[in-house]
2 protein chains.
Amino acid sequence: MLEVALDEARKGQAEGGVPIGAALFDATGALLGCGHNRRVQDDDPAIHAETAAFRAAGRRASYRDTIMVTTLAPCWYCSGLVRQFGIGTVVVGESETFKGGLTWLRRNGVKVVDLKSAACRELLGAFIKARPEVWNEDIGVE
Amino acid sequence: MLEVALDEARKGQAEGGVPIGAALFDATGALLGCGHNRRVQDDDPAIHAETAAFRAAGRRASYRDTIMVTTLAPCWYCSGLVRQFGIGTVVVGESETFKGGLTWLRRNGVKVVDLKSAACRELLGAFIKARPEVWNEDIGVE
């Protein structure tokens, strides 16, 4: 499942954007929707990878059995999305570059799996090195 | 400033959507962007009033001096947005219908003002009475 999110992150990289991707799956492993950060591409600060995947998945009465897979630990904005809509499980590629709200999510009953993926870390690490000002803007760091 | 958000909520009501509106202002009171919940209109679960206003305001290096005015206390998703991007002040029309993440935001250094507006409460209350299933979907309640 991480490969789907990582492919999205690579699409973002190819477009010159922040290379973070995400995908939402149902309990059977079927893909509901996927997407990537579009800050640079669409000049849109509201589209993080997780919100793009959530939007692509569309409206549902319940997200309890869904799994959000993302190449990077979700920020507060995306952690809030997970908590508000009751997404049951979050799988992150890595949480070393950015730890986001993982502890908070665990404390609030979300199952969190950290795959410690070097591929995710290296992809984003290269972008941060090249465009630190865009990365800081993306996480609200002045 | 609440009138701008309330006008957005009324637009949402006229469109048959969840009547919650929001507006982002700078420190001088100039409007940066506004919007309303678009779950029903766009069939988009990711557009809450606050995320619509944030998107309309566009990319900024800092949100420290901005003020998010919303007709209803922000849910976890939108509270996470406020925290991640460092929006300094949140003004809510009311927090009786839904308390959202107000306490959490206060604890994390955000200035929160609650206007206890009957107009906001009544507008949303009428919608919840008419379309409880859409309201529940909007806040992730099964």
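Student: Which residue is the bridge partner of B:Leu24 in β3(B)?

Tutor: B:Leu24 has B:Met68 as its bridge partner. Keep in mind that this is a predicted model.

Student: What makes β1 and β3 of chain B a strand pair?

Tutor: Two strands pair if there are at least two bridges between them. Strand β1 (residues 21–25) and strand β3 (residues 67–70) of chain B have four bridges, in the antiparallel sense, so they count as a pair.

Student: Why are β2 and β5 of chain B said to stand at the edges?

Tutor: The open sheet runs in the order β2-β1-β3-β4-β5 (chain B), with mixed pairing. β2 (31–36) and β5 (111–114) each have a single partner strand, so one side of each is left without a neighbour in the sheet. Ignoring direction, neighbouring strands here are turned by 15 degrees against each other on average.

Student: Now the rings. Why is the pair of A:Phe85 and B:Tyr77 called edge-to-face?

Tutor: A pair of aromatic rings is described by the distance of the centres and the angle of the planes. The centres of A:Phe85 and B:Tyr77 are 6.1 Å apart, and the cut-off for pairing is 6.5 Å. Their planes make 70 degrees, and over 60 counts as edge-to-face.

Student: How do you know that this pair joins two chains?

Tutor: A:Phe85 lies in the loop between α3 (76–84) and β4 (89–92) of chain A, while B:Tyr77 is in helix α4 (residues 76–84) of chain B, so the pair joins two chains.

Student: What makes A:Trp104 and B:Trp104 a stacked pair?

Tutor: Their planes are 25 degrees apart, and under 30 degrees counts as stacked. The centre-to-centre distance is 5.2 Å, which is within 6.5 Å.

Student: Are A:Trp104 and B:Trp104 buried or exposed?

Tutor: Buried means under 20% relative accessible area. A:Trp104 has 9% and B:Trp104 has 8%, so both count as buried.

Student: How do you know that B:Cys78 is in no disulfide?

Tutor: The nearest cysteine sulfur, that of B:Cys75, is 4.0 Å away, whereas a disulfide needs the sulfur atoms within 2.5 Å. B:Cys78 is also buried, at 0% relative accessibility.

Student: What about A:Cys120?

Tutor: For A:Cys120 the nearest cysteine sulfur belongs to A:Cys34, 14 Å away, and A:Cys120 is in no disulfide either. Over all chains the count comes to zero disulfides.

Terms used: Residues numbered from 1 in each chain as written. Chains lettered and ligands numbered in written order. Predicted model: local features only at pLDDT ≥ 70, side-chain atom pairs only at ≥ 80, totals over all residues. Heavy atoms only, no water. Phe/Tyr/Trp six-rings, centres within 6.5 Å; stacked < 30°, edge-to-face > 60°. Buried < 20%, exposed > 50% of the residue type's maximum accessible area, 1.4 Å probe, protein only. Axes fitted to C-alpha atoms, helices over the stretch in contact; angles between N-to-C directions.
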